[in-house]
Amino acid sequence: MEQDSVDSGAQIDPLSNPFASLDSLSPDLSSLNDLAMRGAWRSILEKVSRSRSLDLLKQPHHHLTYLSFNVLALSKLRRFADANSELESLQDLDGSDYRYETYPKVYPGRSGSMVPFSLRWIHCIIPIKLGRRNEGLDRLYKLLDLVREKLEERKSNSREESLREWKRRELLVINTIIGDHLFHKEFSVCLDLIRNLLSGDCLGLDAFLLSELGYIQLQIGDLDGAKGSFSQVEGIADKEKSIKLMNLVSRNKALIYLVGKDYVSAVREYEECMERDHTDAVAINNKAICLMYLRDLSDSIKVLENSLERVPTVTLNETLVVNLCSMYELAYVNHAEIKKTLSNWIARVAPDDFDSSCTRI
């Protein structure tokens, strides 16, 4: 929940100092962060409500930080109308109420916005979740303009670490925009966005952007273009030799095999991923799907069940569970009982935001 502040003084910024503790930023912030990491979103709502009722939030940025966690928790629990009500209470995020210089006694020598970037991002997402797509997209593109303005400022000031952080934010916003356009099959917009980003300095993230470009090219039937993008990814991975990039290359190769319905070769690529990293959820899920296409339902079910047993915190997601339940329905007459057992186990271990309806009981 980092604020997008600008420090105009020579003093150390207490809100961006990497050596400061979380609790020095806002009361008991480390506890909120821990709850979020564990997916305990209902506990976050209770904690925020209690802190507000006990008047524990003394400074303006305390209120914004806690509101950000509250809106995030409501969104995770799919209570988008409630999250929207919280956001509307803020009115203008760029208003003077949310700037440090408005409170010189509280924040001496500081200027700029105290609004957490994550809150700005959620402010864009909520309208889309409520069916107001144009409003949400307008906000996302305005946020992208803001991010790029901040990037230019940091380039001119040679603030390398801050530049990297804002570059990550640019990627987050663009990926959010691309996700929405992909959902509505607006592929040309997605291609333009990625190519524009690739033409700049992507700070070592080129391989993942190139892979994303390849995925879109596959969706529009440009197999040669996708192979070209994936080939560039392979060249980057050959230089860096990291497990993450090696697995990315293998997953890209597997996609090409999938397009050609060569499921055996695709399984081999996914197995190599799993040997390098047994928590690669994409490889696990896709290997199981390939085995299902090969009519090996027994092994495909084992792949998913074993992953849930060994690394539930990584592999427990709705997509994998939907696929596993589909396999149960194909393989077993008593699939309702088996899915009920799975559902009961999920209820014990899943985070609060897990959508239990994916078991289709």
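W166 counts as buried, at 3% relative accessibility. In this predicted model, its ring pairs edge-to-face with that of F117, a residue that is itself buried at 4% relative accessibility. The pair is one of six aromatic pairs in the structure.

**The F117–W166 pair**

- A pair of aromatic rings is described by the distance of the centres and the angle of the planes.
- For F117 and W166, the centres lie 5.8 Å apart and the planes stand at 80° to each other. An angle over 60 degrees counts as edge-to-face, which is why this pair is given that label.
- F117 belongs to helix α5 (residues 117–129), while W166 belongs to helix α7 (residues 160–183), so the pair ties together parts that are 49 residues apart in sequence.

**The tyrosine cluster**

- Which residues do ring pairs link into a cluster? They are Y100, Y103 and Y107.
- Is Y107 buried or exposed? Y107 counts as buried because its relative accessibility is 6%, and the cut-off for buried is under 20%.

**Helix α13 against helix α16**

- How do the axes of α13 and α16 cross? The axes of helix α13 (residues 281–293) and helix α16 (residues 318–331) come within 10 Å and cross at roughly 25°.
- That angle makes α13 roughly parallel to α16, because angles under 35 degrees fall in this class.
- The crossing of α13 past α16 is left-handed.
- On the α13 side, the contact is made by N285, A288, I289 and M292. On the α16 side, the residues they meet are T319, L320, N323, M327 and L330.
- Sorted by class, this contact between α13 and α16 has six nonpolar and three polar residues, and no charged ones.

**W41 and its surroundings**

- W41 sits in helix α2 (residues 41–53), and is buried with a relative accessible area of 5%.
- Leaving out residues up to four places away in sequence, W41 touches A36, L72, A73, K76, L77, D352 and D353.
- How far apart are the C-alpha atoms of W41 and L74? They are separated by 7.6 Å, although W41 and L74 are 33 residues apart along the chain.

**Two loop residues with positive phi**

- If you are checking backbone torsions, D28 has a phi near 55°, a positive value in a residue other than glycine.
- D28 is in the loop between β1 (3–6) and α1 (29–37). With a relative accessible area of 34%, D28 is partly exposed.
- R295 also has a positive phi, near 65°, and is likewise a residue other than glycine.
- Where is R295 found? R295 is in the loop between α13 and α14 (297–310).
- R295 is exposed because its relative accessible area is 78%, and the cut-off for exposed is over 50%.

Methods. Residues numbered from 1 in each chain as written. Predicted model: local features only at pLDDT ≥ 70, side-chain atom pairs only at ≥ 80, totals over all residues. Heavy atoms only, no water. Axes fitted to C-alpha atoms, helices over the stretch in contact; angles between N-to-C directions. Helix = DSSP H or I, 4+ residues; strand = E, 2+ residues; numbered from the N terminus. Parallel < 35°, antiparallel > 145°, perpendicular 65-115°, else oblique. Left-handed = near helix turned anticlockwise from the far one by under 90°. Contact = heavy atoms within 4.5 Å. Nonpolar A, V, L, I, M, F, W, Y, C, P; charged D, E, K, R; others polar. Phe/Tyr/Trp six-rings, centres within 6.5 Å; stacked < 30°, edge-to-face > 60°. Buried < 20%, exposed > 50% of the residue type's maximum accessible area, 1.4 Å probe, protein only.
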